[in-house]
Amino acid sequence: MWREIGEAFRQIGTTGDGTRCILLSGSGKGFCGGIDITDEQFFSGISADNGNDDESSIDMARKALAFKPQISQMQAAFTALEECPVPIVAAIHGACIGAGIDMVCCADVRICSPNTVFSIREARLGLAADVGTLQRFPKLVGFGSRVRELCFTGEDFSAEDALKIGFVSRISKSESHLFEEANHIISKIIANSPVAVTVTKSSLNYSRDHTVREGLDHVALTNSAALMSDDLVKSFMMTSGAGGAAEFAPLQPHSRL
């Protein structure tokens with residue numbers, strides 16, 4: 001499924017499909033229970049079995065070099081969410097454990113139901129989280145003591161805790177209201193110009209990893225083209241009350257080799 005996640009989010013919003021926003025949710029009783037520790041195919045990568053009957057003859061350096069590409073591919077699958085040109089709203093319920101947090105860290109907006117339980121569980125399983133949580137989670141909520149406590153202990157934290165530290169922006173009234181509130185956010189996003197929204201997402205992501213000066217230069221360069229869009233006039237008219245809801249043309253398919 002890792003491969004399919006990456007492939008899906010590299011396609012959505014880049015093929016002229018008209019996608020303006022994505023609702024990310026889990027089916028069943030929880031959002032994500034984390035990596036399946038019974039998955040023999042996943043853990044077979046650690047043994048780096050290349051057909052050599054005497055696996056003990058393979059030194060640790062060669063095993064490590066063989067396994068690293070698998071970790072990189074898993075990281076790339078979730079990075080595809082972050083790099084998707086349209087916003088992603090994650091609606092989280094039940095358990096959101098381990099890889100589930102890796103995934104929703106890549107979403108643009110996160111909301112959850114009151115019964116949601118989060119956990120950066122990896123340390124309790126004997127490994128450091130290596131698919132993005134340790135890099136993205138602190139940039140979302142800060143590098144303070146509570147964040148390090150959650151990462152070191154692997155303990156559960158509640159929906160209220162997630163709201164308090166800013167990991168989610170709101171808690172729904174109940175689990176049954178979760179999608180209603182998520183769709184309310186989405187309806188506000190898609191009312192805006194798709195050019196403005198995708199440039200905003202690009203600028204936010206770029207500015208997170210660069211200096212203020214570099215972020216300003218980036219958005220100046222991007223907006224020097226984006227401001228030529230007809231969407232600007234349509235948005236002004238809609239905001240001033242001169243017309244109803246604006247109708248914006250979809251984004252064009254991305255050029256590919």
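Me: At what angle do helix α5 and helix α6 pack?
Reply: The model is a predicted one, in which local features need pLDDT of at least 70, side-chain atom pairs count only at pLDDT 80 or more, and totals for chains, interfaces and linings use all residues. Residues are numbered from 1 along each chain as its sequence is written, and side-chain values use heavy atoms, with hydrogens and water left out. Helix α5 (residues 133-141) packs against helix α6 (residues 145-153) at about 155°, and the axes are 10 Å apart. Because of that angle, α5 is roughly antiparallel to α6. Angles under 35 degrees count as roughly parallel, over 145 as roughly antiparallel, 65 to 115 as roughly perpendicular and the rest as oblique.

Me: What do the axes and helices mean here?
Reply: An axis is a line fitted to C-alpha atoms, for helices over the stretch in contact, and angles run from 0 to 180 degrees between N-to-C directions. Helices (H or I, at least four residues) and strands (E, at least two) are DSSP runs, numbered from the N terminus.

Me: Is the crossing of α5 and α6 left-handed or right-handed?
Reply: The crossing of α5 and α6 is right-handed. A crossing is right-handed if the near helix is turned clockwise from the far one by less than a right angle, and left-handed if anticlockwise.

Me: Which residues of α5 and α6 meet?
Reply: From α5 there are Leu134, Phe137, Pro138 and Val141, and they meet Val147, Leu150 and Cys151 of α6. Contact means heavy atoms within 4.5 Å. By class, the contact of α5 with α6 has seven nonpolar residues, no polar ones and no charged ones. Ala, Val, Leu, Ile, Met, Phe, Trp, Tyr, Cys and Pro count as nonpolar, Asp, Glu, Lys and Arg as charged, and the others, Gly among them, as polar.

Me: Which residues in α5 are buried?
Reply: Thr133, Arg136, Phe137, Pro138 and Val141 are buried in α5. Buried means under 20% relative accessible area, exposed over 50%, and partly exposed in between (1.4 Å probe, protein chains only).

Me: What covers the buried residues of α5?
Reply: The cover includes α3 (60-83), α4 (99-104), α6, β6 (156-158) and α7 (159-165).

Me: Other pair. At what angle do the axes of α1 and α3 cross?
Reply: They cross at roughly 30° and come within 8 Å. The two helices, α1 and α3, are therefore roughly parallel to each other. Their crossing is left-handed. On the α1 side the contact is made by Trp2, Ile5, Gly6, Phe9 and Arg10, and on the α3 side by Met74, Ala76, Ala77, Phe78, Ala80 and Leu81. The residues of this contact of α1 with α3 divide into nine nonpolar, one polar and one charged.

Me: And where is alanine 8?
Reply: Alanine 8 is in helix α1 (residues 2-11), and it counts as partly exposed because its relative accessibility is 33%. Its C-alpha is separated by 9.2 Å from that of alanine 77, 69 residues apart along the chain.

Me: Switching topic. How many disulfides does the structure hold?
Reply: The structure holds zero. A disulfide here is a pair of cysteine sulfur atoms within 2.5 Å. Cysteine 32 is in none, and the nearest cysteine sulfur to it, that of cysteine 96, is 6.6 Å away.

Me: Now lysine 201. Which residues is it in contact with, leaving aside neighbours within four places in sequence?
Reply: Lysine 201 is in contact with Leu81, Glu82, Cys84, Pro85, Val86, Pro87, Ile88 and Asp108. This lysine is found in helix α9 (residues 194-208), and at 5% relative accessibility it counts as buried.

Me: What about serine 235, where is that?
Reply: Serine 235 is in helix α11 (residues 231-240). It counts as buried because its relative accessibility is 18%. Not counting residues up to four places away in sequence, serine 235 touches Ser193 and Phe248.

Me: Last one. How many helices and strands does the chain come to?
Reply: There are eleven helices and seven strands. Of the 257 residues in the chain, 37% are buried. The C-alpha trace spans about 75 × 45 × 35 Å along its principal axes.
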